[in-house]
Amino acid sequence: MTQEQWGALQDRLSSTIGENNYRTWIKPLEYKGLEADGVAVFLAPTNFIGTYVSQNFGDLLLSQISTLDSQVRRLQFRVSNAPRPAAGRPRPVAARPEQGTAQPVQASGANGAANGQSNGQAAGADLLPSAPLDARFTFDNFIVGKPNELAHAAARRVAEAETVTFNPLFLYGGVGLGKTHLMHAITWELRNRRPDLNVLYLSAEQFMYRFVQALRERRMMDFKELFRSVDVLMVDDVQFIAGKDSTQEEFFHTFNALVDQNKQIVISADRAPDEIKDLENRIRSRLQSGLVVDLHPTDYELRLGILQSKVDTYRTQYPSLQLDDGILEFLAHRISTNVRVLEGALTRLFAFASLVGQPITMELTQDCLADVLRASDRKISIEEIQRKVADHYNIRLSDLIGPKRVRNFARPRQVAMYLCKQLTARSLPEIGRRFGGRDHTTVMHGVKRIEELRMQDSQIADDIELLRRALEA
Ligand SMILES: Nc1ncnc2c1ncn2[C@@H]1O[C@H](COP(=O)(O)OP(=O)(O)OP(=O)(O)O)[C@@H](O)[C@H]1O
């Protein structure tokens with residue numbers, strides 16, 4: 001690859017990965033040239049930048065460069081003005097960069113062709129690399145609404161604060177509501193603002209695999225040392241370690257060591273700490289010891305905001321596409337499952353319309369998204385069930401949810417709990433919460449009671465059938 005080609009490629013990269021990322025990570029690189037065996041060498045001003053680019057953009061760079069120059073097989077990032085590394089055991093790749101330390105940071109290859117170890121990859125680099133970040137998951141691209149404003153504010157605070165304010169920050173919420181997006185956004189922001197910090201982002205599953213790898217290779221000391229050397233630890237989907245005893249144990253020690261050093265920890269999960277089963281109590285209480293915030297299910301306004309922002313992005317891709325008024329409102333009303341489904345629907349709609357070369361009308365939308373619309377139609381909410389049941393038994397919604405235990409309210413309440421269990425994907429604790437903060441054992445008891453009564457009492461069986469049909473209609 002020539003310097004001219006690299007220059008042209010850089011322009012393209014800035015639109016692929018975003019101006020911010022480009023300025024922070026790619027622009028500081030200097031292309032040195034092609035060496036033997038198809039190794040394209042880049043100089044990075046610090047070890048940190050080299051490592052970061054290699055881990056996060058290595059595959060993308062390699063695939064683009066190899067289409068320009070088929071001789072390029074691998075990329076190598078070296079620290080500028082530094083001599084080639086001396087033999088021996090280099091320090092961990094992700095540790096803070098030290099001036100003048102000699103080392104090629106890490107080789108990368110889309111097909112795994114690069115063998116970092118033989119190129120001087122640092123000990124432990126395989127245990128510590130951050131998981132790749134999605135370039136789209138930034139704060140700029142995160143739409144804030146009532147259901148997520150608290151989570152967003154807390155995430156921003158962690159990303160922008162100079163000191164640790166709450167530790168850990170625990171973010172939780174249902175599927176596709178933006179947990180990972182916020183985790184990545186915090187990581188991007190920290191890396192942009194504080195490139196001196198060693199920010200490690202990974203999923204709980206990756207934490208476990210690296211722990212198991214360290215055990216297998218008898219490298220626990222490396223593992224402990226490396227994980228304790230990070231400045232900010234971000235662990236996604238922590239519910240994964242539930243029931244995995246030794247991983248939990250190690251996680252607990254890592255967690256404590258970092259908190260003791262006043263290092264920031266951010267955790268995400270699909271439910272609140274007290275709802276994660278098979279989690280040791282000491283971990284549960286550790287997780288609750290900072291700030292726990294949840295992402296609520298989206299509301300109509302938030303969905304509409306997200307759709308509008310996506311449309312703005314698509315407009316650059318499909319500038320001539322016409323979108324009739326009312327389509328976004330229609331989608332925001334009808335698709336209330338999660339943001340991932342909403343985004344997927346819009347992507348499909350735009351792709352379809354551009355393929356057939358037609359404007360996006362209501363008819364085309366209904367046609368193209370028939371299956372998605374049907375699937376979300378079937379989605380029944382706890383509120384709907386509560387309302388229908390209260391109407392059916394002719395009682396007030398507040399009495400259905402409230403504390404009174406008289407039979408007139410208690411039985412319909414149990415019927416409603418039973419239907420929530422049957423017709424929604426909500427957990428027992430969540431259902432309990434929505435019924436005036438009741439315990440999950442109360443819900444379990446109610447559901448069981450109705451299951452029994454259905455067999456014995458034809459009136460109850462009929463009520464349930466009627467309600468189910470009304471809800472599914
Ligand atoms: N408020 C938001 N603004 C813009 N995009 C959003 C928002 N919330 C979610 N998304 C988008 O929805 C998709 C799903 O979000 P994400 O992967 O963060 O969900 P999650 O909560 O981690 O889900 P899961 O539990 O399945 O891992 C992503 O493409 C994300 O960018």
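Mentor: In what follows, Ala, Val, Leu, Ile, Met, Phe, Trp, Tyr, Cys and Pro count as nonpolar, Asp, Glu, Lys and Arg count as charged, and the others, Gly among them, count as polar. Please also bear in mind that this is a predicted model.

On that basis, the shell around the ligand divides into seven nonpolar, seven polar and four charged residues. The ligand is surrounded by 18 residues, of which Gly 178, Lys 179, Thr 180, His 181 and Val 339 are the closest. Two helices, H5 and H12 (339-356), each contribute at least two residues to this shell. At the level of domains, at least three shell residues come from domain 2 (146-295), and at least three come from domain 3 (300-376).

The database record may be set beside this picture. In an unreviewed UniProt entry, the annotation "binding site" covers Gly 176, Gly 178, Lys 179 and Thr 180.

Gly 176 is placed in the loop that runs between strand E5 (169-173) and helix H5 (179-193). Leaving aside residues up to four places away in sequence, Gly 176 touches Asn 338, Val 339, Arg 340 and Val 341. Thr 180, by contrast in location, is found within helix H5. With the same exclusion of residues up to four places away, the contacts of Thr 180 are Phe 137 and Asp 236.

As to burial, a residue is buried if 20 or more other C-beta atoms lie within 10 Å of its own, and exposed if 12 or fewer do. Gly 176 has 18 C-beta neighbours inside 10 Å and therefore counts as partly exposed. Thr 180 also counts as partly exposed, because 18 C-beta neighbours lie inside 10 Å of this residue.

For a view of buried residues, helix H7 (residues 220-227) may be considered, where Phe 223, Leu 226 and Phe 227 are buried. Down the axis of H7, these buried residues fall within an arc of 90 degrees, so they line one face of the helix. An α-helix has 3.6 residues a turn, so residues three or four places apart point the same way. Among the elements that cover the buried residues of H7 are helix H6 (204-216) and helix H8 (245-260).

Finally, the wider chain. The protein chain contains 20 helices and nine strands. Of its 473 residues, 37% are buried. Among contacts with a separation of 6 or more in the protein chain, 74% join residues 24 or more positions apart.

Terms used. Residues numbered from 1 in each chain as written. Predicted model: local features only at pLDDT ≥ 70, side-chain atom pairs only at ≥ 80, totals over all residues. UniProt positions renumbered as here; feature names shortened; annotations may be inferred. Helix = DSSP H or I, 4+ residues; strand = E, 2+ residues; numbered from the N terminus. Contact = placed C-beta atoms within 7 Å. Near = placed C-beta within 6 Å. Domains from an automatic or database assignment. Arc of directions from axis to C-beta.
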